[in-house]
Amino acid sequence: MDAAVFAYISHVDGKADDSALELLAAARALFPGSDPVALVAGSGPALDSACLHAAAAFAQVWKFDHEALAYPNAELLRPLLAKVLPPGSRVLLPHSTLGMDLGPGLSVKLGAAYLPDVVGAESCEGDTLTALRQEFNGQVSARVACDLSGGAVVTVRSGAFRAGAPGAAAGQVVDRSADAAGLAARRRFVKLVKAEAGGIDITREDVLVSVGRGIGEKENIALVEELAEAMGAALCCSRPIVDAKWLEKPRQVGTSGQTVRPKVYLALGISGSFQHLGGIKGSPFLVAVNKNPKAPIFQAASVGVVADLLELVPELTERIRAGSK
Amino acid sequence: MEILVCVKRVPDAAENEITVEAGAIKTDDLVFSVNEWDNYAVEEAIQIVERVGGNVTVVSVGDGDAEEVLRREMAMGANQGLLLSDPAFAGADGLGLATILAAAVRKGAYDLVLTGALADDGAAQVGGMLAALLDWPFASLVNLVEVNDGHLRVGREIEGGTQEVSDIDLPCVLSIQTGINEPRYVGLRGIRKVASAEIPVLDAEALGARPAAPRVRRLDYFVPPAGAGADMLTGSTAELAGQLLELLKAKGGLK
């Protein structure tokens, strides 16, 4: 019999999040024929509710109830999972900020291989899993072979595996809370601080002009501000622009910023990392302008232009202004 | 506080168009530099030492080229460099690198180890593995560090731009997210000042560490198959602007 497959279930407000069904789909694609066990940790009624939710999709759910697990602290989850998972386990985690926190150290503690940010499955034969990853910000894909003989911790990119229907399987919930007794962490959760909106709310805008690293210099931001103004659009940006402090954090689109649902999205000098695209929902009309014809943004865009922003943007602004007179 | 910052020399993602030939990345024309995240880690270490005193050591696993990266970070203000170099280290995977770095940490007396949150391969794994090997607490994607008595208050950047605040005991390992600070500019003068600084080199024997055979191997690289992709516009700047204007009008992009 093949080694057991597990999936860590993130949950909020008593509901398993979208990653739960995606991990189930990933488990079936990566390890055909497997029947993964859901791992659900938390505390109190919210945990019970999340377990029932998970049991609608997974045949078996392991529940870990402990006050200290009310907030998912990787420093508590790691020793707990290292204790309860059998040798050779294949563990799937979402490639989220929790998965990135938990996964690498968990693989060390389990003596397992670590395969992060998987985007596709190719084959699983004997002790070798062949899967797909991306490198250099999505510019290239890599086929990787992972040795499963000591087990594996695999993190799965959000959206890479299509979730199936929630299903109505009445899975069995096994209470493993006794294993969580005596947990103590050397990292203690204090609080969450939400990003301040500061009067800017790009999530409600229909038309967004978004600027990325390709704009080159801080001084050039004015060019896209003028274009946004001429279009009557709101200005937003990708992560490097916020890191450089050229625009404020509430204007950042992406998994570590805001999730937007515009009708039209004009991406200027944005390469199109999965973190950025993860923040654009609702299939807008996406126009991408980039000097690199191989930029991944062109795979996601409806219309693409390979051009120098410093020439094209002022020209477009001028035409819009001329047209509105 | 004695701080060790792990840095890596990588192809500069902003400067390179990555090309694949026969399943491998063409490296001849690549521009290399220090991994972007690592600059933030070094800057943070320097700022911590400016506040509470101590020393910043930058360390890298690699060959002579990695030494250039160390010098650049020393020009930023790191007090010393340390190069971990051995033919046995070639081809080390994330766990291999973490094993080599863990040996270097054990040879010193560090209170805090920083890494960049991720590098060119996007794996974001070395910091977490290093912490596990040392059995130190770990926090990833850190965008705030405050030094308190015996522990740090750290912020992690989680989904939606929310900051998760925790207290973490020392010694610990933190992986640093971009945007935590503004890495200082390194001028030619700074580089010249450290040009002749001696950088000790430790090999596998000195470290007593040999990375195990990688359990994850790259079989090949390929350029992702072009899906439907974008409808590409062509023409002069004026023609492109004209076409874009019409499209934006038609799709409700102008108000």
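A cavity is a set of points, on a 1 Å grid over the protein atoms alone, where a 1.4 Å probe fits but cannot get out. Its lining residues have an atom within 4 Å of a point. Grid points are joined across faces, edges and corners, and a volume is the space filled by probe spheres set on the points.

Before you start, note that this is a predicted model, where local features need pLDDT of at least 70, side-chain atom pairs count only at pLDDT 80 or more, and totals for chains, interfaces and linings use all residues. Residues are numbered from 1 along each chain as its sequence is written, chains are lettered from A and ligands numbered from 1 in the order in which they are written, and side-chain values use heavy atoms, with hydrogens and water left out.

**Stop 1: the cavity**

How many cavities of 30 Å³ or more does a search of the whole structure find? The search finds one. About 30 Å³ of space lies in the largest cavity. Select A:Q139, A:K294, B:I18 and B:V223 to see its lining. Two of these residues are nonpolar, one is polar and one is charged. Here Ala, Val, Leu, Ile, Met, Phe, Trp, Tyr, Cys and Pro count as nonpolar, Asp, Glu, Lys and Arg as charged, and the others, Gly among them, as polar.

**Stop 2**

Helices (H or I, at least four residues) and strands (E, at least two) are DSSP runs, numbered from the N terminus. Two strands pair if DSSP finds at least two bridges between them.

Colour the open sheet of 10 strands in the order 13(A)-11(B)-10(B)-9(B)-12(B)-8(B)-1(B)-6(B)-7(B)-13(B). The pairing is mixed. Which strands lie at the edges? They are strand 13 (187–193) of chain A and strand 13 (201–202) of chain B, each pairing on one side only. Zoom in on the chain B edge. Strand 7 (residues 80–84) of chain B pairs with strand 13 of chain B in the parallel sense, over two bridges. B:L83 has B:V201 as its bridge partner there.

Contact means heavy atoms within 4.5 Å. Axes are lines fitted to C-alpha atoms, for helices over the stretch in contact, and angles run from 0 to 180 degrees between N-to-C directions. Helix 4 of chain A lies across strand 13 of chain A, together with strand 9 and strand 10 of chain B. Its angle to strand 9 of chain B is about 100 degrees.

**Stop 3: two helix pairs**

Two packed helices are described by the angle between their axes and the distance between the axes.

Select residues 74–84 and 97–110 of chain A, which are helix 3 and helix 4. Their axes come within 9 Å and cross at roughly 35 degrees. The contact residues include A:L77 and A:L81 in helix 3, and A:L102 and A:L106 in helix 4. By class, the contact holds eight nonpolar residues, one polar and three charged.

Next, show helix 1 and helix 2 (residues 64–76) of chain B. They pack at about 35 degrees, with axes 10 Å apart. Among the residues that meet are B:D38 and B:E43 in helix 1, and B:R72 in helix 2. This contact has three nonpolar, one polar and four charged residues.

**Stop 4**

Select the open sheet 15(A)-14(A)-16(A)-17(A)-18(A)-15(B), where the pairing is parallel. Strand 15 (234–237) of chain A and strand 15 of chain B are its edges. Neighbouring strands are turned by 20 degrees against each other on average, direction ignored.

Look where the chains join: strand 18 of chain A and strand 15 (residues 231–233) of chain B pair over three bridges. A:G304 is partnered with B:M232. Helix 7 (residues 237–250) of chain B lies across strand 16, strand 17 and strand 18 of chain A, and also strand 15 of chain B.

**Stop 5: two backbone details**

Most residues other than glycine have a negative phi, and most peptide bonds are trans. Select B:L170 and B:P171: a cis peptide bond joins them, with omega about -5 degrees. B:P171 sits in the loop between strand 11 and strand 12 of chain B. Finish at B:A124, where phi is near 50 degrees, a positive value. B:A124 lies in the loop between strand 8 and helix 4 of chain B.

Notes: On a 1 Å grid over the protein atoms alone, a cavity is a set of points where a 1.4 Å probe fits but cannot get out, and a pocket is an open set with protein on both sides within 12 Å along at least five of seven lines; lining residues have an atom within 4 Å of a point.
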